[in-house]
Amino acid sequence: MGLELKNLYDNFRDGDTIKAYAKIIKEDAKKLKNPINIMEVCGGHTHTIMKYGIPQLLPQNIKFIHGPGCPVCIMPKERIDHAYVLSMQENVILVTLGDMIKVPGSNGSLQDARAKGADVRFVYSPMDCIKIANDNPDKTVIFFAIGFETTTPMTAVLLDTVIKKGISNILFHINHVTVPEAMRALIDSGDDNAKNNIDAFLGPSHVSVISGSKIYEEFPRDYNIPVVVAGFEPVDVMQSISMLVKQFIQNRCELEVEYKRLVNYDGNIKAQDLVQMYFQKASAFKWRGLGNIANSGLKLRNEYKEYDAESIFKNVLPLEEIQDHKLCICGDILRGMATPLECTIFGTACKPTSPIGSCMVSSEGACAAYYKYGNLI
Amino acid sequence: MNKNISLACGNGGEENNELTSKVFYKAFKNEILQRNEDAAIIHNGELAFSTDSFTVSPLFFSGADIGKLAICGTCNDLAMMGAQPKYLTCSVIIEEGFETSKLEKIVQSMKKELEVNGAIVVSGDTKVVPRGSVDKIFINTTGVGEVLKHGISSNNITEDDLIVVNRDIGCHGATIFVAREGIEMSSALESDCESLFPQVKALIDADIKITAMRDATRGGVSAVLNEWAKQSNICIEVDEDKIPVSDEVSGICEILGFEASTLANEGTFVLAIKKEDADKAVEILKTFANGSRATIIGKVTNIHLQKVILNSTWGTKRFLDTPSGELLPRIC
Amino acid sequence: MCLSIPSKVVKIDKEANIATVDTMGVQRDASLSLMEEEDIKIGDYVLLHIGFVMNKIDEVDALESIETYKEIIEAMNEEDRQNAILEDDECPNRGA
């Protein structure tokens, strides 16, 4: 039997398969010694879990802790303010990917900047910047680059193209971050009073396509936390949970890949090489809700400084650190120490149309998901 | 409310509703307006009255253009209250430099669509403004219709009703998004823009017990169901697998991260029909050219009042929310 | 993760290093800059993300997964069938 494109959707969303795994998980979970908390790191998984109602299918002793979610959720106010300020500069066109437009900074979001007259555009692909730059030769296009390992190679290709084609009016503001450092920070909080609650990780699907599953080796090896790299269709998620439960009842602690059709150990080497060529690690990047995480951010290599909007516009970019809102407990939610429902401003001052913390900002954040699907979780 | 009006305030969803109620309804308080129907019923229930402005971009797209839209939009609002469209006004604001041939093409589309509805334009206005003051052309149409079936209202839906749609959803929104500059794709996708009066007339003539009808324009089917849940103080439960979506629209939704139920439609409407007549209504709708996928999609209950619930085939539920924000592709 | 979707390659433009892919009837172009030359052929299934081909889908692994799912559904149905029989055997109303 050959594989058809339809199979790659339908078979991985099939209701009967989901029901079958629910049954297997329920049976196996009876043999668990302790309840387990699984953190799904990426927002795509949070979305699948909420959209397909997966918590409603699991027994009481298996719970989810919703992870950092997405590059949009974790973008700190300081960086949004950079984007805001850059968009207000004369002859600048600020370009970024979709959801970024709505994230609020200290003066408002990029959407608000646009309402005030700034030229802010969202694109589907970083390569769309080239047409914008060609159509506006007297303006400077600044690409506000965001994303985990999945998206960084595409920014690298854009820079590669800009250099090779000699395009003189595209600059970059880099906000790419890497996932393993954040995963480590979530379990390594170093605070004796903070009981970390994460028992297992559901590894991100498409970060892993680029980076390979090798980047998660340290978790079972050094932290005794198993990882299953999962695809992001509901059957993938159910199968991955089943694999994790089996690890626990069989006393194993391993790195496994459920998403075999796309993820292997090494990942996409060409993409990794391109990223290496143009980027280096920044000493730290502040993740909204989690604080500074060492070595988790990327910046352009020194030889490409002429393309770095952050250094060219240094004089106008604000430098002060901005504290997260006093009442925001996103940090606790991300560490599994609280649920959105325990936050005093959840659903009142903080909601999807007026988000205060990272977990509410993007539609894939934990709080946004609870707000939307709330009573039915 | 924010200090400045954002684009999201025109989305037909949450922000739009907030703007309308906190600014306009507050100032123009009256009983008829507050009923929040697709068209106002006036003059002792004999007439329906509605207005709509059209700012779609691009002007010409697969399946229709701004002219056809301008007539369908207002005539459909009248039809949704069980009224026959009769007299329309047509106001245009044209940008300096706009091509006359394009204007003529648009007006021809309007003429054709008026004939489908059996309506005429009896009054109008033309303004031309300097380059840059509007984007090519904006059109407003206002319509008066004669009510053929009385009592149709989005405030009267009960557990005796079933929820029906007349065709597959999301075509218009998907088509516009694809045609708009910046995202390039090619597919057989077409807007569903169509006059609905013929379908409504067929249902009225067959004496179908219609409780409510609403065309699912901005905010899509999701906006309609949520509005109904709030206005009638009910819970609407929809079976996810019953909602008809074409392969092409599904493909766009996959690529851009949309839900078909939030995409705009211009020829798709949702009906609340008394249980005993629902099957007959579906049969009648199926006789129309694009109606092959007309179907019952849900029912009315009371488990979560003022909310809409989606039931999956494997036993899970989730809320279907009023759409909010601009329609943007999700990214990671 | 969001917006990364399986598609089928229907055309390849070697000079521009672009593949035309089809996703449920919607066709669009995607850059092959992240793939090695000769890696992608017409008819391949690939993963698309923000205008780029990220990786090729391993058909053998995909089919293996689908086969696994078939087996667990059959096992579940078999179990349900057995339970139904048992319930029937124990049914107090069953005639002799």
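Visitor: Where does B:Asn44 sit in chain B?

Guide: B:Asn44 is in the loop between β1 (40-42) and β2 of chain B. Strands are DSSP runs of E with at least two residues, helices are runs of H or I with at least four, and both are numbered from the N terminus. Quick housekeeping: this is a predicted model, where local features need pLDDT of at least 70 and side-chain atom pairs count only at pLDDT 80 or more, while totals for chains, interfaces and linings use all residues. Residues are numbered from 1 along each chain as its sequence is written, chains are lettered from A and ligands numbered from 1 in the order in which they are written, and side-chain values use heavy atoms, with hydrogens and water left out.

Visitor: Why is B:Asn44 called exposed?

Guide: Exposed means over 50% relative accessible area, buried means under 20%, and partly exposed is in between (1.4 Å probe, protein chains only). B:Asn44 comes out at 77%, so it counts as exposed.

Visitor: What makes its backbone worth a look?

Guide: The phi of B:Asn44 is positive, about 60 degrees, although this residue is not a glycine. Most residues other than glycine have a negative phi, and most peptide bonds are trans. B:Asp207 is another non-glycine with a positive phi, near 60 degrees. B:Asp207 lies in the loop between α6 (197-205) and β9 (210-215) of chain B, and its relative accessible area of 64% makes it exposed.

Visitor: Is the peptide bond from B:Ser57 to B:Pro58 cis or trans, and what is its omega?

Guide: Cis, with omega near 5 degrees. B:Pro58 belongs to the loop between β2 (47-54) and β3 (60-61) of chain B.

Visitor: Why is B:Val144 called partly exposed?

Guide: Its relative accessible area is 24%, so it falls in the partly exposed class. B:Val144 is part of strand β7 (residues 137-147) of chain B.

Visitor: Which residues is B:Val144 in contact with, leaving aside neighbours within four places in sequence?

Guide: Contact means heavy atoms within 4.5 Å. On that rule B:Val144 touches B:Leu47, B:Ala48, B:Phe49, B:Leu78, B:Gln84, B:Pro85, B:Lys86 and B:Tyr87.

Visitor: What makes the link between B:Glu254 and A:Arg13 a salt bridge?

Guide: The rule wants a side-chain nitrogen of Lys or Arg within 4 Å of a carboxyl oxygen of Asp or Glu. Here the N to O distance is 2.9 Å, and the side chains of B:Glu254 and A:Arg13 meet the rule. Across the interface of chain A and chain B the rule finds one salt bridge.

Visitor: How many residues of each chain are in contact there, and how much area is buried?

Guide: 37 residues of chain A are in contact with 30 residues of chain B. The buried area is about 3000 Å², with 59% from carbon and sulfur atoms; it is the accessible area (1.4 Å probe) that two parts lose on being put together, summed over both.

Visitor: And what does the contact of chain C and chain A look like in numbers?

Guide: It takes 43 residues from chain C and 52 residues from chain A, with about 4000 Å² buried, 69% of it on carbon and sulfur atoms. The salt bridge count is three. In one between these chains, A:Lys23 pairs with C:Asp80, the closest N and O atoms being 3.0 Å apart.

Visitor: Which element of chain C gives the most to that side, and with how many residues?

Guide: α1(C), with 15 residues.

Visitor: How many residues of α7(A) are buried?

Guide: 11 of its 14, so this helix is mostly covered. A:Met154 and A:Leu158 are among them. A:Gly166 follows α7(A) with a positive phi, near 65 degrees.
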